[in-house]
Each structure stands twice: as C-alpha cells, then as structure tokens.
Amino acid sequence: MKIVVLGGGPAGLYSALLIKKANPVHDITIIERNAPDVTYGWGVVFSDRTLASFQRADNKSYEQITNHFVIWDNIDIHYRDQKLSCGGHVISSISRKSLLNILQNRCRELGIDLQFRREINDSAELRDYDLLIAADGLNSIVRKKYESNFKPGIEYGKARYIWLGADKVLDAFTFIFRENEHGLFQVHSYPFNATTSTFIIECDEASWLNAGLDKADESQSLAYCQHLLADNLGEARLLSNNSRWISFPMLKTQHWHHENIVLLGDAIHTAHFSIGSGTKLAMEDAIALSSALEQHADLETALNAYELERKPVVEIFQKAARESQTYFETLKRHMTLEPVPFTFNLLTRSGRITYDDLRSRDQRFGDLVDRWYANKAISQFSIDRPSTMQTQIVFSPPPVFTALKLRNVHLPNRIVLSPCSNCAAHNGRLVESFANQLKNAARSGTGLVETGQVAVSDLGRITPDCAGIYQSEHVGAWKQVVDYIHNYTSSMVAIQLNHAGRRGSTRSRVDGLDIPLQEDNWPLFSASSIPYSPSNQLPKEMNQADMDNVRNDFVLATKRAHEAGFDLLHLNFAQGYLLASFISPLTNHRSDEFGGDLQYRMRFPLAIFDAVRETWPLEKPIAVTISADDCVKDGLNVNDAIEIAKMLKNHGCDIIAVTIGQTTIDSEPAYGKGFLTPFSDRIRNEAGTPTMVRGYLTTNDEVNTIIAAGRADLCIMDPPQLHDLYEATSAT
Amino acid sequence: MQVGVGLPGTIPGAHGELIFEWACRADEAPFSCLGVLDRQVYDSYDPLITLSAVAGITRHVKLATTIIIGPLRNNALLAKAAASLDALSGGRLVLGLAVGARKDDYDASGVEYRDRGKRLSEQLSSFRSIWEDNLIGPETNHQGGPKLLIGGLSDQSYARMVRYTDGYVHGGGPPRAFSRAADKAFAAWSDAGRPGKPQLWAQGYFALGDTNAINAGYRYLKDYYAFTGPFAERIASGLLTSPQSVAQFIRGYQDAGCDELVLFPTLPDMTQLDRLAEILHAQDIRRTE
C-alpha cells in the first residue's frame, strides 16, 4: 500500500513506524508542516500500564523511551499550608522533544520518507495514496474537510490554563492549590528530565479576569505565575514557549474513518490533561491501527476493527477525563474541606480509584486518613480537647466505622439501613414482620435504622398497608421496636414522617408504582390540582385549612415519635409526595403566597419544619430528604437543591438526605451504583451541611470512599444479604 | 439461576417441524423456558405466533419474549394477544418488552420511530388497566396479567422497569456487562421503594459442534446483526462455541445475580439442543418447578 501520514507528532510517527515494521512492503510518507525540532509543550506522562503495550508494539523505541524516562510514584498535594503525599502510583514522563527525536530516528531507520516544512492545505493533494492517516492534531484539516462524515463535536472547558515549564526538578507529581486576592489557582506539575518540569497553571474564568490575565502578554503571564508560585518555586524560574491561556477543547468524533481516510490522536479525541496525556491515547491508537491493518487484508474491515477496538476505550477514558475536568473547573466548592478529606476527594475524583485502592498503594496514607477520621470522631465528644490529643490516636477504624454525633445523638458508625416499608402495617398499625425486619436490621451492625415512610395521617398514607403514627394506639408497637433496638443493639432509630399527597391511595408496590386502588380510595391533596399520572386520582389543591390540618398532623406525629423513643426524626420533602409538591415548580402552580419563586414554594414545607422542630426535643436531630434533581425539564436542579439545603440548615435541620427523581411520572434518573453521590457531594460542600446518601451501595469500600472524600456523612446501604436477613421471620 | 433455551425461530431455514420438535424436547428437561426474539424485516417468525404454536405441545416450560418490540404493536391488540397466550398456556407467558434497535422495523410497520420510548411507557400503563379491569378479556391466568420484563440499555429503561414491571431482561454480552446493568436495576428498585428484588433475565448465543457448525453460527449472527454495522463483529465474537465456554458463561451469570438465562441457538439443527442439554446435565442445572 501507498500510505501517507499527515502530521509528524507522536501519533503520526508511531503509527507509521509500526505499520512499516509489520509490513516493510508498504510505502509510507510522513508530511509535517514544521521543522523536525520545533515542538510545543514540555513533558508527556505515561502510566505503567501503557508501557507494556509499547514494549509489545516496538521494543526498540520502547527501550529508548524508557531510557529517557523520569519515574516517580508519589503524588504531592500542596493545599492551605500543608503538603500531603500519597505513594504507589508509578507514573513516568519524558520530554516531548526527546520522544519525537526517538520516533523520528526510528522511522528513518525503517525507511519511511519524512517530509518536514511541507504545508498541506487541502487533503485532495494526497488523493494518490491508498490510505491517508490523518494525525494532524486538534485543528485537523482532514477532519474539517469531511466534517459531515466524521461528525466531530468540540466543547470548550470553563477554566483557563497555560502550559509552562520550570527549571526545577520535582520528585513527585505535584498539585498546588493557591488562593490569592484574585481567586483560586491550581497547578498540575511533574518532572520530565534531569533539569526541567512541566507546570500547567489553571484557574476559573473569574479568577483569570480578576487577575487581568485576559490582557496579559506572554511575559506578563509568566511574571504573574512566577509571583503566584514564589513559595513553591524558590530559586527556580518558570519558562514559556509561546505559551498562552486557553480553554480546554474536548473533542469527540462520531466516526473515525471515511473511505480511505482514518483519523487518530488529537485529530479525533482529546481528554483533559488532569487525567493523563493525549499522547498516551494517540500512541495507543497507533498500536491499534497498525495491528488492525496487519490482521485484515481488506482496508475497510481493518479500519472498522480499529474503530471498534479504540472507540469504547477512548469513550470510557473521556468520561473519566470529563469528570476530572469538571472537578477542577468547580474546585471552589471543595475549598472548605480540610486537607485530608480534600486530598482524598482529589485522588478519588474520577470514580476509578477507591479507598481500598489507595490503601493498597500506600498503607501510610491509608492510616493517615483513618487516623484523621478517628480523631475527628473523638473531637465531637469533648468541647475543650487539648490539641496534644491529636497525636494520641494510633490505632483507628476505617472511616465507615467512626462515630457521628448529631446534636446529642451518637451514631456508632456511618451505615444506615432502611428496610422496604411496603407492607409495614394494617390500618396504620405496625405488623410484626416489619417490626422484626427493623430489629434484624439493627442487629446487623448498622449505626442507624430507619423506618421508611410513616404516615402522619390516614389520608397521608401511600397504600392501605403503609405504617402510621397518627393514632395514640400506634405508639405502643413503635415503642416496643425502639426499646428492643436500644436494649439489645448499639444502633439508633429514626422515624421517617411523610404525607403521600397526590401519590396516596395506591396499591402495594409489589406489582409496580402508583397503581390506584380499585376500591376504598381516600381523597388526595397536593399543592396544585394535578394528578400524579393520568390513571391516578385528581388531588384537591390545598387551602389554608388543609394546610393547618397537615401541620397539626405533623406536630402530633412528632410528639408520638418522641413518646415512642425515636432518636432521630426524618421528614420527606421529596419523591413527589405532599411537601415535595409544593417545592417543585412542575407540581406547584399556585398563585398565592405558597407558589411562585423558590422562597414562596418553600414556605409551607418550612412552616412544617419549624412546627416540628419546635415540638421535637432540642437534643435530638432532624433529617430532611430533598430532591437534588427532578430529572425533568424545567424541574428542580442541583443548584435549587443547594438553596433548599441552606434554608433548611438555617431553620435547624441537622442532616440532608439526598435523592433525585420521582417528582413526576416523567422523572427518569440515570440509575446505577452511587448515582446519588455527586449530588450529595455538591449539597454537602456547597450548602455546608451534613448529608446522607443511598444509591445501591453494597460494600464497605464504597462507603469508606464516600465518607473519606467528604461526599456524605452517612450512607444508606443495600447489601444483597439483607434480603435473607429480612426474610428471617423473627428476631430472637 | 434457571437456564432456558431460545427457539430457532429467527434463524433462516428453521421450519415448523424443527421448531415443534425443539419445543417438545426442551419441555422434557432441563430447560426452564423457551425464548423468542422479535424482528420485523428479517426471515423470521412472529414471536407471539411462534410461542402460541408451541404452547399447545408443551406443558412445563415458561414461554418468554426476550424481547418483543412493544411500540410496533397496537396496545389493545398486543394486550389481547398476550392475555390469550397467558390464559391458553396456563399462565406460562413472560412478556419482555423493549423499543428495539432498528428503524426499518418501524418503517415497515408504518409506525412512527420518534417517541417510541414514551409510547412504550404508555403501552405498559394501558396493559395494566386492560388486564386488571378485564376491559376486553380474556381473563389472564395471573390476576393483573402475565409477568412483565423490560429490556434496553437506556437510562429510561430502568425507570420504566421499576414503575411498571417485574424485572429486567439484559440484551447480551459478557457477565461483567450484565453485572453493571443489574446494579442499575437494583439501584432503581431500592430507590423506588419496591419490595424484594427485580427479576433479572439475560441471554446469550451458542453454536456447538465442529468448525462448520461454529462458522454457520458466526455467519448467522453477522447477518442478523448486520444493521449494527461494525458492532456485528463484536456480537459474533461473543458466540459460545465450546462446552467449556457455555459452562463458564452460565457460571458468570449465576455469580452476577441472574435469575434466568436464555441461550439462543444460531443454526437450525436439533443436535444443537441435545449438545446444550448435555452441558446442562453435566453442570447439574435443572428446572425447578
């Protein structure tokens, strides 16, 4: 085949050399617009896993590359006035210049025609070749020419960054977080040869504008960064190489080949620098392309195979990179975290590394995290603890097994169990099987057991079998459960009070959700007269008298819950039930003082909260479940939820339980393991309130990761063994 | 976990007699169900007609669509057909529904392709009222209609599953892919406050025997999935071609929490069923009544 490679970067050079090496009959030309020694950027990072594939692909260049490697296994984090370090990561880097030299020489050795300083303006000039490999970078002229075939999309990041060097040798991948009068700046830096390191300085747009960097020229930018990082740089100087401030372009492309043209590297995909280098992806593309060409004689089959192999891998990588990019773009929200949770949150930002992973990479770091949480837990219990006690913790449990104090209630650990309360009662009165489920849950080692939805009135039930606490006769059965748990376990007990609103008068959820009763329906109330689904009953719009009644129901239920001895009271302001119907603009169309903007829509739910807070003993905490996202267009989103959480916190709410969806029948959340955790992270750290979170969490590792990263304070777990536990008929 | 077998109704060249013999033999043991697939524009039999035909000559096996493309069909007609099959078979129907992946199936049926997800939700809601209120009859074997499953990889599939049905049917792939889907189903289930666990069904393809048999299997899969373009290669590469790979596949799904795994043939040949039955016997997998 007659092959032309457009672009003499690592992707182009590496694919040419691998294809030629596999089959020397191919006639290959590389066309590069720049001179052989012109290059931008400084160092390139690789993880150890990548290297194995380089070794298999071409041992000769692999050896030359690794000879030039700077290798380290630590990540250092400079945050506030502390430096934390986590080891065991094994990362290596090389200067881009050395990498290109090695690959160019290897290409020449194999007899590839390298044409530098040749500009191609239209790929039609290259139509005589059998295969055009377009490795011409982000601004690929080939991709642009066939845009309608490749279908690319570029999304620009919100942050600004500049790629600099420094004549300083680092001994670790180093993150520096620095706040000054202009805003927040973060630095990603790493060594790449014996004298120099890469310094990428990134900030949000506001900080960038405040610092006047939009008007700064190259030398002014350099001077600004030099001053910003004076403490870290010491004698070292930052270096520029035509560096300027840019927004990160995230490129995704739907199709990777068209006729006899194939794209690779930056020409087809980019991934934020915080998770690894585009060079790594580009060279992996080259390996896949050359082996596909070697395996399949038919060109189209080969290009298909290349796309099939690489596209899913790149997509997963881009997803993680996107999360990492968002993390850095919105870093401000995490600046309230103390250094240990901040560092842990940073290291686990992409969701690919967990508590167990970090512990196995660096046991000392794992111990540091454990000790920090153990200290934190102990400090909740004494007011004037001498600071010398900080160092006294030597042996400590993992974060999941540290205590949490809410007002005067001490939860022995961070696990919450909430058995499904679908058939919990007859006429509101607790049935024995459900009482036993709660007892069994408490005996399992959890820190808190929750009752699930308990109705504050018969009209507030979801189903006829919904548990209630609306008659004095209901209290006895609850008290018996609570006493059992207090006497025989170390767990605390929470009751979740709810009024079903327009989701009431439905059947058991054995067969599905919100199926109306066939007979014995009861009247429904909601903020506005809109049925939950076309088959559900039309609710009555609540008037003042209805609201007074409901408030009274909540107050009486609160008194009874205290009488029964519950430790924590939990109110449901979410999932489309009565109080949620006031909060979401989708379900509240009122024109009175309880409708309109969020502060008005919150009026009735907050009035309920205040009445309950006044009734519930001061030494006991209150939790509220809120919707962090209605998952419907024009519904509540996470920014609204942060405002709601702040309002509740100001009214004396102790912990927010985070959920999404169910507001209307059209809510279709993206379910999955940990699907609620990002919402909890935002609410906890932006509203400054403790949170609890669910999301099919089944392992201690998941919970440890969430707690240690400061994404939530309590986790509602759903381990599969619970089904058997709950099915056990009696607690003995 | 139970293991069922697919009927060869979507394999070109599978005649009625083969399908009947296949069904009778599978009914004996050790298979838990007979599965069918749905495709309009292909040399294949209609899924409900096929299941009805074999309902009369079987007694034990469940009859499962994994899946049938719901929105292609009129709500009342499909509700009636499913209720009839359920009643006639003594309650053995398991109706798995999804939106399907091919636009030409919609075009050929004269049905709008857009909003098909929304229409599937409406269809599920309408089934409930038709079956429960016995609006058009016949009365189904189970009160409230046959067991329903939802298929599909979109986020909406899981929301639909938890709102209207009894579980999820996975489209295929290695056990790890199933496991991720199962996590989504479990997350939706516990989040919505539904009691117990969702029923989790899954499927795979097998071709057992000599190289000719295996190659015929590959050819069929590449043809059946040709509409996915390059992805057909990948689906074909998941074909189970040895007793060991079948056994491993079963074990993987068992460990990942699957309740019922349906293995579909890829060539119209009775020996395929015998070979699969042998493997199940060797693995001591039986039907639990």
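These are my notebook entries on a predicted model with chains A and B.

**Entry 1: the contact between chains**

I began where chain A meets chain B. The contact takes 25 residues from chain A and 27 from chain B. I then looked up which elements supply the chain B side. Helix 5 (116-132), helix 6 (155-164), helix 7 (175-191) and helix 9 (231-237) of chain B each give two or more residues to it. I also sorted that side of chain B by residue type. I found 10 nonpolar, 10 charged and 7 polar residues.

**Entry 2: a sheet in chain A**

Next I traced an open sheet of 6 strands in chain A. Its order is 8-2-1-9-18-17, and its pairing is mixed. Which strands are at the edges? I found strand 8 (113-115) and strand 17 (257-258) of chain A there, each pairing on one side only.

Strand 1 (residues 2-6) and strand 9 (residues 131-134) of chain A run parallel, joined by 4 bridges. Val4(A) stands opposite Leu132(A), which is in strand 9 of chain A.

Then I checked helix 1 (residues 10-22) of chain A. This helix lies across strand 1, strand 2 (27-31) and strand 9 of chain A. To strand 2 of chain A it runs at about 170°.

**Entry 3: the nonpolar core**

Last, I turned to the largest nonpolar core, which has 300 residues. Leu264(A), Val624(A) and Cys715(A) have the most contacts inside it. Helix 10 (residues 278-295) of chain A gives the largest share, 9 residues.

I followed up Cys715(A). Leaving out residues up to four places away in sequence, Cys715(A) touches Arg414(A), Ile415(A), Val416(A), Met692(A), Val693(A), Leu697(A), Val703(A) and Ile706(A).

Conventions
Residues are numbered from 1 along each chain as its sequence is written. Chains are lettered from A and ligands numbered from 1 in the order in which they are written. This is a predicted model: local features need pLDDT of at least 70, side-chain atom pairs count only at pLDDT 80 or more; totals for chains, interfaces and linings use all residues. Two residues are in contact if their C-beta atoms, placed from the backbone, lie within 7 Å. Ala, Val, Leu, Ile, Met, Phe, Trp, Tyr, Cys and Pro count as nonpolar, Asp, Glu, Lys and Arg as charged, and the others, Gly among them, as polar. Two strands pair if DSSP finds at least two bridges between them. Axes are lines fitted to C-alpha atoms, for helices over the stretch in contact, and angles run from 0 to 180 degrees between N-to-C directions. A nonpolar core is a set of buried Ala, Val, Leu, Ile, Met, Phe, Trp, Tyr and Cys residues joined through C-beta atoms within 7 Å. A residue is buried if 20 or more other C-beta atoms lie within 10 Å of its own, exposed if 12 or fewer, and partly exposed in between; C-beta atoms are placed from the backbone.
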